[in-house]
Amino acid sequence: MSTEVFLNEFAEISEHPYRILSQYKKEGKKVIGVLPYYAPAELVVAAGMVPMGIWGSNKKTIAHAKEYCATFYCTIAQLALEMLLDGTLDQLDGLITPTICDTLRPMSQNFRVAMEGKLPCIFLAHPQQRKPAFGLQFTMDQYQHIKTELEKIAGKTITDDDLRAAIKVMNKNRAARRAFVQLANEHCDVISAVKRSAVLRAAWFMEPAAYAEKLEALNAELAKLPAADWKGKKIVTSGIICDNPKLLQIFDDNKIAIAADDVAQESRAFRVDASEEGDPMMALAQQFADQDYDILLYDEHSEQNRRADFVVDKIKKSGAQGLVLFMQQFCDPEEMEYPYLKKALDAAGIPHIKLGVDQQMRDFGQASTAIQAFADVL
Amino acid sequence: MSIYTLGIDIGSTASKCVMLKDGKEIVAKSLIAVGAGTSGPQRAIAEVLEKAGKTEADMAYTLATGYGRNSLEDIADHQMSELSCHAKGATFLFPDVHTVIDIGGQDVKVLQIDNGVMTNFVMNDKCAAGTGRFLDVMARVLEVKVEDLGTLGSQSTKYVGISSTCTVFAESEVISQLSMETNKCDIINGIHHSVANRVAGLAHRVGVRDQVVMTGGVAQNIGIVNALQEQLGHTIHTSPLTQYNGALGAALFAYQKYLKEQKG
């Protein structure tokens with residue numbers, strides 16, 4: 001299959017995720033909705049079900065969810081609830097609700113109340129202290145709770161062997177995404193910002209094994225191509241999410257390639273693998289403990305500004321000339337982190353812009369002006 | 001033979017054109033008080049050509065900028081962001097400029113300039129507070145012409161605080177002040193300080209260095225300029241061409257691009 005055919009397939013899935021949800025249901029599969037962030041999809045796969053990421057929507061507007069949500073909840077969370085209320089996600093068999101930020105914590109209860117008697121909502125509280133032994137134990141206890149609830153939905157017991165097999169699947173899936181991000185930078189003439197996003201976004205909707213297989217095939221095709229002789233600019237993106245094709249098209253129109261990313265929906269989600277050896281539940285807890293450089297995670301060495309240095313290093317290594325920060329409206333963690341990131345970028349002499357975004361935006365005139373001007377600055 | 005270039009700035013509230021001769025001399029300019037999505041751009045182009053006694057064919061290079069810059073593909077040879085054009089225009093008018101504050105119809109931009117080149121910038125978020133639209137709304141509520149705000153505000157004798165957070169809240173505050181029969185001039189002065197507060201906050205994010213130049217239609221409002229000078233502690237320079245600054249920058253870039261194309 002040609003690169004173009006693969007890219008079109010990923011784009012189709014990215015653009016119409018709920019068609020694939022219907023397809024899974026027709027095939028008799030059970031599907032579990034997985035909200036951000038760091039939910040162990042391995043447990044869903046081990047139960048023989050399909051994990052489906054829910055990252056809001058670029059097409060819907062908030063109406064029903066207003067009944068439940070404070071106005072300062074981010075649109076990602078509000079639109080997730082909107083889709084649960086308007087019937088878009090009626091075919092789900094369950095929902096995992098992580099609670100890692102101040103919006104998701106109360107939101108988990110909104111989901112539970114709104115879906116009472118309709119959809120099992122599985123609560124997940126990650127520990128703040130994720131690295132010490134007691135933190136690992138807490139994570140394992142939480143994951144055990146999720147495992148038990150998923151077993152009820154699946155009607156089967158998840159064995160250690162099932163979980164080890166699922167870890168292998170997800171590691172393969174993450175490795176393929178990491179390789180793609182690297183190849184997308186080397187072949188940015190073929191992998192535009194819009195196409196790059198579609199490939200990475202499709203990962204949240206496809207069965208992990210099938211996605212990994214398809215992406216590995218695309219990666220193999222990309223690896224055959226000569227490296228791009230790129231005359232445009234390169235940037236690194238940062239933020240929670242930047243998957244709106246209309247917004248990303250502005251980068252392509254201005255010949256700005258995405259060399260790498262520090263985005264929650266993209267690279268932050270597949271940096272760390274789980275061990276394929278030993279106790280699989282401990283392997284998953286350790287995987288969460290090993291996550292790092294994320295604004296949502298507690299950093300006992302925060303005074304060292306390690307995360308910002310990590311982002312600066314990523315920019316330098318990727319060959320990018322600047323950073324574009326997509327600031328999700330009402331995202332407290334990102335807003336509070338910004339001064340530290342700015343400090344490190346300024347110290348390194350790396351230009352950046354901060355674009356305020358939310359998923360109900362339909363007009364990107366101001367963003368277009370800022371991105372075009374940023375290209376001139378670079 | 002002289003080279004004529006045309007810069008067209010299609011803003012959200014006005015369409016402006018500047019025609020340059022040999023990249024140095026302003027031959028003609030035009031301004032129509034409606035912008036993107038209206039007949040304004042075509043009328044502004046027709047007017048500037050008529051004033052100069054030229055046709056589109058006489059233009060060696062035409063460059064569009066502003067919010068509606070992408071709507072002129074059949075006329076313009078190229079389009080650029082208005083930030084780059086404002087930096088260019090301001091440097092032409094004030095060679096020692098280091099900070100440009102541009103308050104347009106729907107956004108506020110602060111540009112950092114080094115050696116005539118834009119090196120950093122910041123724009124307002126998606127909010128009308130502090131923009132030309134904010135002043136339009138307030139003028140309507142006060143039943144005065146927006147162009148009279150500067151003169152009226154200078155007659156103020158008492159400070160009246162107006163919210164700098166939100167256009168809707170500020171409008172309610174103005175209505176409330178009017179119902180209490182507060183002097184309109186004092187309210188207008190409060191509005192000017194409200195805009196200055198908002199813009200100064202933005203300007204400090206990129207840093208304010210002399211010379212500070214203010215461009216855009218709002219720079220014609222002496223009340224805002226004075227309030228902003230007070231807030232920033234820097235002298236603010238303006239030009240009679242302030243509204244044409246983006247179009248001027250576009251015409252200058254057009255000349256540069258023409259020369260580059262000629263070189264091959």
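**Notes on the predicted model**

1. In chain A, four strands form an open sheet with parallel pairing, in the order β6-β5-β7-β8. Strands pair if DSSP finds at least two bridges between them; strands (E, at least two residues) and helices (H or I, at least four) are DSSP runs numbered from the N terminus. The edges are held by β6 and β8 (352–357) of chain A, each with a single partner strand, so one side of each has no neighbour in the sheet. On average, neighbouring strands of this sheet are turned by 25° against each other, direction ignored.

2. The model is predicted: local features need pLDDT of at least 70 and side-chain atom pairs count only at pLDDT 80 or more, while totals for chains, interfaces and linings use all residues. Residues are numbered from 1 along each chain as its sequence is written, and chains are lettered from A and ligands numbered from 1 in the order in which they are written.

3. Strand β7 (residues 322–328) of chain A pairs with β8(A) in the parallel sense over six bridges. A:Leu323 stands opposite A:His352 in β8(A). Helix α14 (residues 365–377) of chain A lies across β5 (233–239), β6, β7 and β8 of chain A, and runs at about 170° to β8(A). Angles run from 0 to 180 degrees between N-to-C directions, with axes fitted to C-alpha atoms, for helices over the stretch in contact.

4. Helices α4 (residues 75–85) and α5 (residues 104–114) of chain A pack at about 5°, their axes 11 Å apart. They are therefore roughly parallel (under 35 degrees). The residues of this contact divide into eight nonpolar, one polar and no charged; Ala, Val, Leu, Ile, Met, Phe, Trp, Tyr, Cys and Pro count as nonpolar, Asp, Glu, Lys and Arg as charged, and the others, Gly among them, as polar.

5. Helix α8 (residues 193–202) of chain A is largely enclosed by the rest of the structure, because 10 of its 10 residues are buried (20 or more other C-beta atoms within 10 Å of the residue's own, C-beta atoms being placed from the backbone). Its cover includes α7 (160–186) and β6 (256–263) of chain A.

6. Contact between the chains involves 13 residues of chain B and 10 residues of chain A, where contact requires C-beta atoms, placed from the backbone, within 7 Å. On the chain B side, β8(B) gives the largest share, five residues. By class, that side has five nonpolar, four polar and four charged residues.

7. The model scores ipTM 0.77 and pTM 0.86.

Key:
Two residues are in contact if their C-beta atoms, placed from the backbone, lie within 7 Å. Angles under 35 degrees count as roughly parallel, over 145 as roughly antiparallel, 65 to 115 as roughly perpendicular and the rest as oblique. A residue is buried if 20 or more other C-beta atoms lie within 10 Å of its own, exposed if 12 or fewer, and partly exposed in between; C-beta atoms are placed from the backbone.
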